Amino acid sequence: MRNPATSLLAVATLLIAGCATQHPQNAEEFRRAVPGAFMAKTETFEVKRSFRDVAETFQRKAPECLNVRIRTTSQTTTSYQVIVTSYKPTVVATKERAELHVQQHHEKGVMKVTKEPEGGYYLLVVDAYPVDRNMTRVQWFGPSRGYDVLIRAVKGWASGENLGCPDLTKIG
Amino acid sequence: MRTGRGARGHWALALAVGLLGGCSGMKPYPNSLEPNLQIRTETKSGSVFSGVRAAVGIHRVDERCQIEYLGTVDLDKPTVAVGIPADRASYLVFDFASSSFLGGTRSRITQETVLRPRPGYSYEIVASYKDDIYNVVIREVHPGTGASRAIELRRLSCRGAA
């Protein structure tokens, strides 16, 4: 039995990639691909928090929460499947923008159909921009379904209201 | 490695009930030292058909950065007092195990940290799992003044962990 999360990801990545011709190979390509892709979306919101605090929170929480390997198994009476997935967060902060990239690499159990960027397929890109001293605008690009817990966690980091980590066994 | 599992059948339901009922099969931590950790646990699965169980595994870390598993404390009460050796490193692994009664699915996720308690100090820990978001927050409390400060979580690193 195929893991529903994996199936969803496979469909989403293919759609983002434009019918499997090429998957975005860097964060900028991913930003450009998401708005027109099925099962992908972008959203913008503002938080009453300084840009510096938001960037600092991304830098602190991303490695703590998202630098993980997840092992999932699916079992029926006739099949048994093991999928091992590693996640790689990257934070790039300048005075103008703080970026959080999340990449996903299947170490085991999922076939690759397009060229995978170094570090894994891009799953989520979050950009934070200063608006004024105590206001920051945040825009994320990612899947429209199945990754709610990841999006909620990043929103919590941006607002400072919830600094917990997403349970990445619950995606999909 | 953090794990998730989907399974169907009566055995899965029986296992889920067993886990939630306290038959985790883990070695209990002796917890014979004077308590210096107060662990408050908050769990909420987000569904009446699922449950979350929290526990903390306690490991000794020696000078060569080798770890020895000492046992697990079930965090099955709102607050649990635990004693770990002061002035030496312990490796704490907070484990959140969730089970769904209807789908027969279960998963677990862990949050680890190295903690070296200072003699005389106490540590207030909040371990939470709410709606698939988990967190462990540690505060060190001064024995005389009661003033507290946040302690960053530290991954086990053989360069200076112990």
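In what order do the elements of chain A run from the N terminus on? Select chain A and follow its elements from that end: they run α-α-β-α-β-β-β-β-β-α-β, made up of 4 helices and 7 strands, where helices (H or I, at least four residues) and strands (E, at least two) are DSSP runs numbered from the N terminus. What you see is a predicted model, in which local features need pLDDT of at least 70 and side-chain atom pairs count only at pLDDT 80 or more, while totals for chains, interfaces and linings use all residues. Residues are numbered from 1 along each chain as its sequence is written, and chains are lettered from A and ligands numbered from 1 in the order in which they are written.

Stay with chain A, where 36% of the 172 residues count as buried (20 or more other C-beta atoms, placed from the backbone, within 10 Å of the residue's own).

Next, select chain B, whose elements run β-α-β-β-β-β-β-β-β-β-β from the N terminus on, with 1 helix and 10 strands in total; buried residues make up 31% of its 162 residues.

Now colour chain B by pLDDT (the predictor's confidence in each residue, from 0 to 100), which averages 85 over this chain, with 80% of the residues at 70 or above. Where pLDDT is low, the predicted coordinates should not be read in detail.

How values were computed. A residue is buried if 20 or more other C-beta atoms lie within 10 Å of its own, exposed if 12 or fewer, and partly exposed in between; C-beta atoms are placed from the backbone.
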